Amino acid sequence: MSDALRAEWTKLRTVASTGWLLTGAVVLTVGVSAAVAAATHVTSGQGQDSTKLSLTGIYLGQTVLAVLAVLTITEEYGTGMIRSTLTAIPRRIVLLAAKAATMAGLALVAGVLAVAGCLLAGRLWLPAAGLNPAHGYALVSISQGPTLRAALGSVFYLVLIALLGLGVATTIRDTAISIGAVLGLLYLPPILAQAVADPMRHHLLQVAPMTAGLAIQATTDLGSQPLAPWAGLGVLAAWTVASLVLGGVLLRLRDA
Amino acid sequence: MTVTPPRLTKGPRHDGFTPLLRSEWTKFRTVRGWVIGLLVAAVLCVAFTFLTTNDTHEGTCTGPPPTGAGPNSPGTGCTTGHPFVPTGPGGEAVADSYQFVAQPLTGDATITARVTSLTGLTSTRPANVAPSLANTRPGLAAWAKAGILVTPSTRQGSTYAAVMATGTEGVRWQYDYNDDRAGLPGSVSAASPRWLRLTRTGDTLTGYDSTDGAKWTEIGTTQLTGLPATVSVGLFVTSPVTFQDSNSGTPTQATATFDQVSIDGGVAGRAWRGQAIGYGSQSFYPTLGTGSYQRSGATFTLSGSGDIASGVGAGLLGTDTAGSILLFGLIVGLLVMVVVAALFITAEYRRGLIRTTFTATPNRGRVLAAKAVVIAAVAFLTGGVSVLIAVPLGEHLLNHNGSYVFPASPVTVVRIMVGSAALVAITAVAVLALGSILRKSAGAVAAGIAVFVLPYIIGSTLTGSAEQWLFRLTPAAGFAVLGALPRAAQVSYPYTLANGYYPLSPWAGLAVLGAYAAVALGVATFLVRRRDA
Amino acid sequence: MSNATIEVDGLHKRFGPTQALDGMTFTVMPGRVTGFVGPNGAGKSTTIRVILGLDAADQGRALVGGQPYPQLRHPLRHVGALVDAAALQPSRSARNHLLWMARSQGMGANRVDAVIELVGLDSVARRKAGGYSLGMRQRLGIAATMLGDPPVIIMDEPFNGMDPEGIIWMRQLLRRLAGEGRAILVSSHLMSELQDIADQVVVVGRGKVLADAAIEDLITRASSDDVLLRTPTPAEAAGALQRAGAAVTVIDANALSLSGLEAHRVVEVLGRAQIPFSEVTAQRATLEDVYLQLTSGEAEFRGRPAGEAPR
């Protein structure tokens with residue numbers, strides 16, 4: 001396993017796209033968050049969630065991490081490299097585990113940087129937008145329990161999204177279709193939820209990976225969330241595990 | 001001695017664009033996965049339209065909140081199905097609720113009245129509880145209306161013409177729900193009353209206003225063709241739902257005092273008769289109170305609630321149109337189409353087929369153009385067929401489930417269908433161009449999807465106008481082709497995305513998307529010529 | 001190197017309607033180069049993919065050094081395989097491609113540099129592999145094969161895309177590796193490529209083994225004992241040789257085919273009779289002849305005979 005890990009790590013660090021995509025994920029996440037923070041103008045004292053608002057960029061940033069995760073496996077199938085890989089590491093479950101561990105590590109680093117950047121942006125810009133102690137909003141700070149939970153949870157969220165991408169891609173094996181499937185799985189349910197009526201809408205938000213997982217970001221008005229924060233992250237984790245198991249089983253069964 | 005090199009003999013000229021199109025079409029149709037992709041796109045589009053519309057059940061809750069429940073809980077007496085919505089002379093949805101005091105009138109005549117006071121009440125109950133006059137605060141709606149109205153019938157949705165004083169919008173001349181012309185500005189008070197006059201000559205109706213009853217100014221005129229000899233004529237008061245800073249409106253009531261009422265010419269009926277039109281739980285338009293009429297001598301006092309105007313959503317009808325039905329199915333179909341379009345170009349790069357292609361046709365710009373035409377045609381047809389099935393299916397299901405679907409003229413329906421198919425086609429071309437620029441499917445697919453889907457997701461978390469700008473400036477502006485809700489300047493309503501209104505007109509939205517596609521195609525053409533294959 | 005063997009035993013595999021492997025059975029022994037030949041579609045690549053655990057057989061098993069490939073702890077230290085020279089990510093440099101492989105086997109970068117030197121890619125090893133020519137990729141593939149210094153080497157069509165110099169180098173390399181006691185399996189659809197390097201030949205067609213023999217045996221078995229004679233006086237020669245016990249067939253005005261008499265006896269008889277001749281050749285079959293004999297009727301895809309115009 002450790003050899004497989006080192007091999008996968010060597011693979012990831014020796015293609016330029018890894019660095020670009022990781023940087024892109026962090027920059028996009030922080031950039032969108034900063035832009036949203038700068039564009040926000042709160043007039044009335046409605047219940048805004050400063051922490052959640054600061055973390056808006058994750059909606060976009062997760063896409064880049066998912067793409068990176070998808071590429072780590074579909075590029076191998078696309079180029080035929082998978083045959084070299086499986087010749088070197090014939091135990092396919094070990095291979096998938098190594099890929100997942102490396103991807104999780106990278107996503108963790110990118111996630112920590114991105115979330116830290118988002119919170120910093122929120123701390124810097126949101127007070128000017130009216131989300132300041134004068135209007136009854138505390139400054140964004142991880143010294144507060146809920147904010148710390150949202151920050152940690154968001155990092156885990158990004159890790160789980162990357163692993164979900166890996167699982168789906170292992171199942172599908174084609175880059176374009178995998179990315180289509182992952183992004184569809186993430187983004188379509190919340191839009192569908194806007195279109196359907198309530199019992200179904202509520203259930204949809206509870207079981208969909210993105211809406212459930214992002215419940216972790218809420219720090220105020222938890223009752224309006226589809227699920228409790230950690231339960232929501234659990235739903236996403238279930239999706240991730242399911243996709244990896246399916247991918248692993250198919251990887252075992254199929255000819256390379 | 002010079003030697004002329006032998007010239008390559010030219011075969012029959014085959015450098016037209018058609019063979020290139022044919023070859024690209026052959027490439028497309030011979031990859032089974034792509035053809036299946038189109039099928040999947042169409043099926044998903046229809047299936048998700050089915051899912052979303054089939055799940056939509058409309059119902060209304062009226063009556064007071066249940067005993068013991070908080071003031072914010074929904075009212076008792078819920079019924080399924082949507083309330084009655086009047087249809088105007090042009091087949092459009094209209095609001096037509098007002099307090100009327102009228103008498104029959106035969107032949108040409110001039111009706112004059114003076115409005116000396118116009119005041120209002122605003123409901124203080126939450127939107128999901130039936131309003132009551134017991135819970136109100138003073139407040140006059142900007143578009144509260146009091147004036148003279150002529151109509152052949154008091155059936156809701158009938159043709160009419162009216163001259164009126166309003167809350168804050170001055171004197172107005174309006175007819176047939178959509179047409180509006182401004183007269184004297186300012187509001188009404190005892191110190192500054194408004195004189196109104198409406199004349200009928202055959203089919204022609206003309207509105208005048210005056211501050212003193214001596215000097216009259218014509219505001220507007222119209223012909224109501226086929227107006228019968230005998231019409232109802234009289235005084236009316238109504239007051240629309242107002243929207244403060246939220247999306248849920250509150251009903252209002254207005255009370256106006258008229259005097260100096262006269263009818264010159266024609267054969268007038270014997271007595272004034274009060275009528276509350278379009279009230280009650282059967283009507284969709286939220287009203288406050290039941291409407292009332294008092295006469296003491298020459299002074300008429302009317303209280304009314306409602307509106308006589310285009311049937312804008314007003315928060316109660318929902319926002320379903322022949323276009324909105326499509327939204328989700330279209331997004332899902334687009335997602336699949338993005339994948340197919342990206343593969344159509346990037347598969348060539350991945351497998352080195354692009355070198356064969358460019359060897360066969362060295363003019364690379366034309367290759368790209370041919371590919372764009374093929375994918376556009378394929379996407380347009382796929383989108384068109386899906387929409388052709390999805391719109392009637394969705395409308396049928398919504399009607400069946402009791403939801404109100406705003407009526408759309410055949411022209412509008414065709415516009416929605418063609419526009420949606422064009423949206424799919426232009427998107428496919430943009431993604432194709434992006435794929436050619438990036439030469440990798442990953443970037444093209446991710447960008448293609450994020451650009452269309454994210455505005456809908458991020459938009460809902462944003463505040464204020466940021467969301468509007470997303471649908472003005474990003475390629476998602478193209479979704480404006482789905483916009484089909486009525487919009488009226490004389491109805492104050494939050495014309496926001498959440499209420500189904502796109503910030504751009506359909507074709508302008510499509511043009512924004514088209515501009516993105518054109519830029520992408522331009523860059524792609526430039527790069528494909530410059531780069532090594 | 002006792003674990004230097006490949007045992008393929010009764011492999012069956014079906015892809016849809018195609019029976020790709022139909023009881024494929026053979027053994028590769030250490031110290032020998034075993035040629036694995038057959039027409040396109042005969043099942044060579046599928047067999048190799050099953051040996052390497054890339055594809056699963058429906059029936060039968062393949063063992064490397066007595067173990068199924070997927071159970072090897074560091075498989076590249078047991079088996080070096082050149083399956084598809086294009087099986088790499090073009091955006092990674094050759095050196096880094098080898099580096100991840102080395103890491104997967106618990107080896108370090110020094111081994112990578114050693115194999116790069118072995119295949120002569122030193123000057124270009126830090127360039128992206130995507131820009132390599134077919135021959136360079138083939139050398140990179142061979143470097144990957146040698147990475148774990150394995151006792152078993154499998155090469156699928158290693159001569160494809162190599163320049164003549166490369167082919168000679170490759171042949172020498174294979175001979176040397178066999179000389180070191182390794183078991184080497186080399187597949188090819190051209191028998192001629194194997195003529196001077198293979199000790200053993202496994203000829204396959206339609207998913208099964210048609211012949212499995214030492215190359216000498218195969219040739220001897222296929223050879224007749226005919227002798228070709230070229231002479232300006234065929235009539236006299238025929239008479240003299242018939243008297244010596246040969247059966248004579250006339251090929252053309254100057255050539256006879258003889259049987260029943262070995263070549264050195266023919267020279268002796270002609271010399272004694274003072275009959276002039278320009279050539280006496282024992283008609284030994286070439287490996288190509290053997291191959292064509294064996295595989296006639298087994299080719300999966302057969303072209304139209306040359307000269308026949310397509311309709």
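Biologist: Among contacts in chain C between residues at least 6 apart in sequence, what percentage join residues at least 24 apart?

Modeller: Welcome! This is a predicted model, and its chain C contains 10 helices and 13 strands. Counting contacts in chain C between residues at least 6 apart in sequence, the share that join residues at least 24 apart is 70%.

Biologist: What percentage of the residues of chain C count as buried?

Modeller: The C-alpha trace of chain C spans about 75 × 50 × 45 Å along its principal axes. Here a residue needs 20 or more other C-beta atoms within 10 Å of its own to be called buried. Of the 311 residues of chain C, the share that count as buried is 42%.

Biologist: Three strands of chain C form an open sheet; which of them stand at the edges?

Modeller: The order in this antiparallel sheet of chain C is β2-β1-β4. Each edge strand has a single partner, so one of its sides is left without a neighbour in the sheet. The strands at the edges are β2 (18-28) and β4 (59-64) of chain C.

Biologist: How many degrees does the twist average from one strand to the next?

Modeller: We are still with the open sheet of chain C, ordered β2-β1-β4. From one strand to the next, its twist averages 20 degrees.

Biologist: Which residue in β4(C) is the bridge partner of His12(C)?

Modeller: Strand β1 (residues 6-15) of chain C runs antiparallel to β4(C), and five bridges join the two. In β4(C), the residue that pairs with His12(C) is Gln59(C).

Biologist: At what angle does helix α1 of chain C run to β1(C)?

Modeller: Helix α1 covers residues 44-51 of chain C. That helix lies across β1, β2 and β4 of chain C. To β1(C), helix α1 of chain C runs at about 115 degrees.

Biologist: Which element gives the most to the side of chain C that touches chain A?

Modeller: This contact takes 28 residues from chain C and 24 residues from chain A. On the chain C side, the elements that give two or more residues are α2 (75-78) and α3 (94-104). By class, that side has 17 nonpolar, seven polar and four charged residues. With six residues, the element that gives the most is α3(C).

Biologist: How many nonpolar residues does the side of chain B that touches chain A have?

Modeller: Chain B puts 33 residues into this contact and chain A puts in 30 residues. At least two residues of the chain B side come from each of α2 (32-55), α3 (327-350) and α7 (441-461). By class, eight residues of that side are polar and three are charged, while the number of nonpolar ones is 22.

Biologist: Inside chain A, is the crossing of α6(A) past α7(A) left-handed or right-handed?

Modeller: The axes of α6 (residues 92-125) and α7 (residues 145-172) of chain A come within 8 Å and cross at roughly 145 degrees. Their contact has 18 nonpolar, three polar and one charged residues. The crossing of α6(A) past α7(A) is right-handed.

Biologist: How many contacts beyond near neighbours in sequence does the stretch of residues 8-13 of chain B have in the model?

Modeller: The mean pLDDT of chain B is 85, with 88% of its residues at 70 or more. Residues 68-75 of chain B stay under 50, and the model gives them 15 contacts beyond four places in sequence. Over residues 8-13 of chain B the pLDDT is below 50 too, and the number of contacts beyond near neighbours in sequence is zero.

Biologist: Which residue in the turn between β9(B) and β10(B) has a positive phi?

Modeller: Strands β9 (residues 171-175) and β10 (residues 179-182) of chain B pair in the antiparallel sense over four bridges. One bridge pair is Tyr175(B) with Asp179(B). The two strands form a hairpin with three residues between them, and the residue in the turn with a positive phi, about 50 degrees, is Asp176(B).

Conventions:
Residues are numbered from 1 along each chain as its sequence is written. Chains are lettered from A and ligands numbered from 1 in the order in which they are written. This is a predicted model: local features need pLDDT of at least 70, side-chain atom pairs count only at pLDDT 80 or more; totals for chains, interfaces and linings use all residues. Axes are lines fitted to C-alpha atoms, for helices over the stretch in contact, and angles run from 0 to 180 degrees between N-to-C directions. A crossing is left-handed if the near helix is turned anticlockwise from the far one by less than a right angle, and right-handed if clockwise. Ala, Val, Leu, Ile, Met, Phe, Trp, Tyr, Cys and Pro count as nonpolar, Asp, Glu, Lys and Arg as charged, and the others, Gly among them, as polar. Two residues are in contact if their C-beta atoms, placed from the backbone, lie within 7 Å. Two strands pair if DSSP finds at least two bridges between them. pLDDT is the predictor's confidence in each residue, from 0 to 100. A residue is buried if 20 or more other C-beta atoms lie within 10 Å of its own, exposed if 12 or fewer, and partly exposed in between; C-beta atoms are placed from the backbone.
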